[in-house]
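Subject: Structure for you to look at

Dear colleague,

I am passing on the structure we spoke of, with the sequence alongside. Please open it first, and then read the notes below with the model in view.

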Amino acid sequence: MNVHELLRLLQTEHDETAARADSLREQIERLTTALAETEARLAELAATRKVIEGLTPPDHATASAETATATVYQRIVTTFNEHPGKVFRVRDLHEHLGLPTDEPSINVTRSRLGRLVRQGLLEQPGRGRYQKRT
């Protein structure tokens, strides 16, 4: 095999790999868009659930985990709405809300805050810091 053949084979493999990378980038873009739309729909459903629950008589005996999750999300959003200029760290937010400050609980809230950032409700002015989007 001479140098020209080797260069031609390298170019062919490069072209195929570049095409595959472009295809993967397009898939990522489609999936990112679908994820954002799905998360927005989840937020709408959670808000709708909260409104409906507010209109129905309370039944304290049957509080589900989903309702508790929606309530935590609502408490987080309410806190940021009440303090629009304040920057919160996750642990400070937990203390403010009276939530447990153990690491697993902090990580769950960190994930929730990430979703709220992706939904455009919050912004992240620095690593580990969150505030209401202005």
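Helices here are DSSP runs of H or I with at least four residues, and they are numbered from the N terminus; in that numbering, Arg 110 belongs to helix 4. Please keep in mind throughout that this is a predicted model.

As for the overall layout, the chain contains 4 helices and 3 strands, and these follow one another along the sequence in the pattern α-α-β-α-α-β-β. Of the 134 residues in the chain, 18% are buried.

The packing of two helices deserves a careful look. Two packed helices are described by the angle between their axes and the distance between the axes. For helix 3 (residues 90-97) and helix 4 (residues 103-118), the angle is about 105 degrees and the axes are 10 Å apart. Since angles of 65 to 115 degrees count as roughly perpendicular, helix 3 and helix 4 are therefore roughly perpendicular to each other. On the side of helix 3, the residues that take part are Val 90, Arg 91, Leu 93 and His 94, and they meet Glu 103, Ser 105, Ile 106, Thr 109, Arg 110 and Leu 113 in helix 4.

Leaving aside residues up to four places away in sequence, Arg 110 touches Val 90, Glu 103 and Tyr 130. The C-alpha atoms of Arg 110 and Gly 128 are separated by 8.2 Å, although the two residues are 18 residues apart along the chain.

Next, the aromatic rings. A search of the whole structure finds 1 aromatic pair, which Phe 80 and Phe 88 form in an edge-to-face arrangement, with 5.2 Å from centre to centre and 80 degrees between the planes. Because residues under 20% relative accessible area count as buried, Phe 80 at 1% is buried, and Phe 88 at 2% is buried as well. Another ring, that of Tyr 73, has the charged end of Arg 112 sitting over it, 5.6 Å from the ring centre.

Finally, which residues does Gln 131 touch, not counting those up to four places away in sequence? Gln 131, which lies in strand 3 (residues 129-132), touches Phe 80, Gly 85, Lys 86, Val 87, Leu 122, Glu 123 and Pro 125. With a relative accessible area of 13%, Gln 131 is also buried.

How values were computed: Residues numbered from 1 in each chain as written. Predicted model: local features only at pLDDT ≥ 70, side-chain atom pairs only at ≥ 80, totals over all residues. Heavy atoms only, no water. Axes fitted to C-alpha atoms, helices over the stretch in contact; angles between N-to-C directions. Helix = DSSP H or I, 4+ residues; strand = E, 2+ residues; numbered from the N terminus. Parallel < 35°, antiparallel > 145°, perpendicular 65-115°, else oblique. Contact = heavy atoms within 4.5 Å. Phe/Tyr/Trp six-rings, centres within 6.5 Å; stacked < 30°, edge-to-face > 60°. Buried < 20%, exposed > 50% of the residue type's maximum accessible area, 1.4 Å probe, protein only. Lys NZ or Arg CZ within 6 Å of the ring centre and 35° of its normal.
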